[in-house]
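Biologist: I am new to this one and would like a guided tour. Could we look at the structure together?

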Amino acid sequence: DSAIEDLFFTNNTVVNNADDGFKLRREDEGRMQVVNERPGQRRAVTIRGNTFIGNGFNAPSETLTPTTSEQRGAGIDIHAIHGSIDLQDLEIVRNVIEANTGNNTSGILLRAEADARVLVDIEDNRIRYNAADGIELSSRQNDGTDVRQVGGTWTKNTITDNGNHGIQIIGRHGLFDMISELVLVSGAETVVTPLFIGIEGVDPLDGKDRGNILESNAMDGITVNATGFISFANNSVKYNGTGGIDIDPGAPHTMSIKASEISENFGIGIDINANSQVVTTIRENVIRNNIDSNTSDAVVTGDGIELRTSRTGTLHLTATGNFIEGNDGRGVDLLNLGITQLKIGDPTLPMDTGRNHIVGNNHEGIYVVNTAAYDPDNNCVQTQDVVSTVPLLDCGPVGAAPDIMLHVDTNTVEDNGQGTGFIGTGLVVRAGTVGGGSSNWGRRDPSGDVERRGGEGAGIATGV
């Protein structure tokens, strides 16, 4: 096997190159090793203190799948293919990565294909004015056994003013390691380390906040469109052009969003779309003043938190200790076509820290719709961007039975709904007809009630 040992790329100016400013491509079982590291070097490959400007303006086309290719350039491009024996470990630290402006050129590209495993720490970089994304993470799966993955810790970065997203994640993320003594055992466990984007607190070495700034990007602050695990904490997500945080993985996904400010984005603060199983916790964030660019039309956007499940989707979400205020849309907006377990507030947390403050949103504070109305063949699909005075649609498969477990406990919900004419504007639950098709309408459950298909149950406790 070939190996790279202690690569230390520092204090260079890399400008105006037609292809990538820095490209590292690993194939097969090539290794990266730390042998005699420089002072301060923490990974086998270190890219530190460089300037990358104006690169990728004529990058070649790159094969992404057997049937697709596209032009892709970057200030820094890390591409690992095939072998999984070695975890490829790199760090990108204190670089200026700006104005790399070719067609579809990003600040940093990270890609793992087949069985490649990559760990990239990205710390204290200035990533601005790039034509496409600030950071793009992608992967390619050739068959179901591939273990491709990208992990790392990303802190203290300024990711602003990029032409697409601040961060775009379209590949498998987090590190998935088998417990070594169980590798050959059926049902061996996997230890998962999430991709860390921001960490709470300050760095004791330099006193800098360990969160990231994701602001003023033309599209979302961060968008996630692949399976994986993310810990997202202590970040500022503001002023982005199409929304703050967008989670639409299309496959199982787990994410925690904590201690961040998601404010003043054009569109939705936190947007989660579950087509598979999605597990999310939203804790101790400020989610406010997200913007509907035209509040006078019939399209409602600018929600603080918007949630949707498809007929195949399952969403488990807990929201505690958040300030959700002043958004042009709703505070929390759920459209359920599948299965949702939604917990808003938690009285068991100490010092009232489980309380959400859902205050002063232009539409409803909490708005929940449970419906079977999804029949695209007949142009009948319930959406959640309509005002609440619009009747729910009446369509969908007869046997569809979307189901919600809703727990709203220990919250302050006040002064919402100035922009709506609906009869209620604090907590609104609207239930369409679901679970039809039964031929036995008289069968009763043990309580004596007529047995329900798609019925509702609710409890309200210790609210204000």
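Modeller: We can go from the whole chain to single residues. Please keep in mind that this is a predicted model.

Biologist: How many helices and strands does the protein have?

Modeller: The count is 0 helices and 46 strands. The radius of gyration is 24 Å, close to the 23 Å that the globule rule gives for 464 residues, so the protein is as compact as a globular protein of that length.

Biologist: What does the C-alpha trace span along its principal axes?

Modeller: The C-alpha trace spans about 75 × 50 × 50 Å.

Biologist: And what share of the residues counts as buried?

Modeller: Of the 464 residues, 50% count as buried. The accessible surface comes to about 19600 Å², and carbon and sulfur atoms hold 49% of that area.

Biologist: What part of the contacts comes from residues 24 or more positions apart?

Modeller: Such pairs account for 80% of the contacts with a separation of 6 or more.

Biologist: Now charges. How far apart are the mean positions of the positive and negative ones?

Modeller: They are 3 Å apart, for 34 positive and 63 negative charges.

Biologist: Changing topic, how many disulfides are there?

Modeller: The count comes to 1 disulfide. It joins C380 to C395, with an S to S distance of 2.1 Å.

Biologist: Where do C380 and C395 lie?

Modeller: C380 is in strand 42, residues 380-381, while C395 is in the loop between strand 42 and strand 43 (403-409), so the pair ties together parts that are 15 residues apart in sequence.

Biologist: Is that disulfide left-handed or right-handed, and why?

Modeller: The torsion about the S-S bond of C380 and C395 is about -90 degrees, so the disulfide is left-handed.

Biologist: Is C380 buried or exposed?

Modeller: C380 counts as buried, because its relative accessibility is 12% and the cut-off for buried is under 20%.

Biologist: Let us turn to I127. Where is I127 found?

Modeller: I127 is in strand 15, which covers residues 126-128. I127 is buried, and its relative accessible area is 0%.

Biologist: Which residues does I127 touch?

Modeller: Leaving out residues up to four places away in sequence, I127 touches I97, G107, I108, G134, I135, T158, I159, T160 and N162. As for T160, it is 33 residues from I127 in sequence, and the two C-alpha atoms are 6.6 Å apart in space.

Biologist: What about H363: which loop holds it?

Modeller: H363 sits in the loop between strand 39 (356-359) and strand 40 (366-370). Although placed in a loop, H363 is buried, with a relative accessible area of 6%. Its contacts beyond four places in sequence include V300, D328, R330, N416 and T425.

Biologist: Where is G321, and what does G321 contact?

Modeller: G321 belongs to the loop between strand 35 (314-320) and strand 36 (323-325). With a relative accessible area of 13%, G321 is buried. Apart from neighbours within four places in sequence, G321 is in contact with E284, N285, T353, G354, R355 and N356.

Biologist: How far is G321 from P39?

Modeller: Their C-alpha atoms are separated by 42 Å, and the two residues are 282 residues apart along the chain.

Biologist: Moving on to E29, is E29 buried, partly exposed or exposed?

Modeller: E29 is partly exposed, at a relative accessible area of 26%. It is placed in the loop between strand 4 (22-26) and strand 5 (31-33). E29 and D385 are 356 residues apart in sequence, and their C-alpha atoms are 49 Å apart in space.

Biologist: And N36, where is that found?

Modeller: N36 is in the loop between strand 5 and strand 6 (45-48). At 62% relative accessibility, N36 counts as exposed.

Biologist: One last topic, backbone angles. What is phi of N11, and what is phi of D352?

Modeller: Phi of N11 is near 60 degrees, and phi of D352 is near 65 degrees. Most residues other than glycine have a negative phi.

Biologist: Where do N11 and D352 lie?

Modeller: N11 is in the loop between strand 2 (7-10) and strand 3 (13-15), and N11 is exposed at 66% relative accessible area. D352 lies in the loop between strand 38 (339-344) and strand 39, and D352 is partly exposed at 42%.

Note on methods: Residues are numbered from 1 along each chain as its sequence is written. This is a predicted model: local features need pLDDT of at least 70, side-chain atom pairs count only at pLDDT 80 or more; totals for chains, interfaces and linings use all residues. Side-chain values use heavy atoms; hydrogens and water are left out. Helices (H or I, at least four residues) and strands (E, at least two) are DSSP runs, numbered from the N terminus. The radius of gyration is taken over C-alpha atoms; the globule rule is 2.2 Å times the number of residues to the power 0.38. Buried means under 20% relative accessible area, exposed over 50%, partly exposed in between (1.4 Å probe, protein chains only). Contact means heavy atoms within 4.5 Å. Accessible areas come from the Shrake-Rupley method with a 1.4 Å probe; for residues, only the protein chains shown count as cover. Lys and Arg count as positive and Asp and Glu as negative; His and the chain ends are not counted. The place of a charge is taken as NZ of Lys, CZ of Arg, CG of Asp or CD of Glu. A disulfide is a pair of cysteine sulfur atoms within 2.5 Å.
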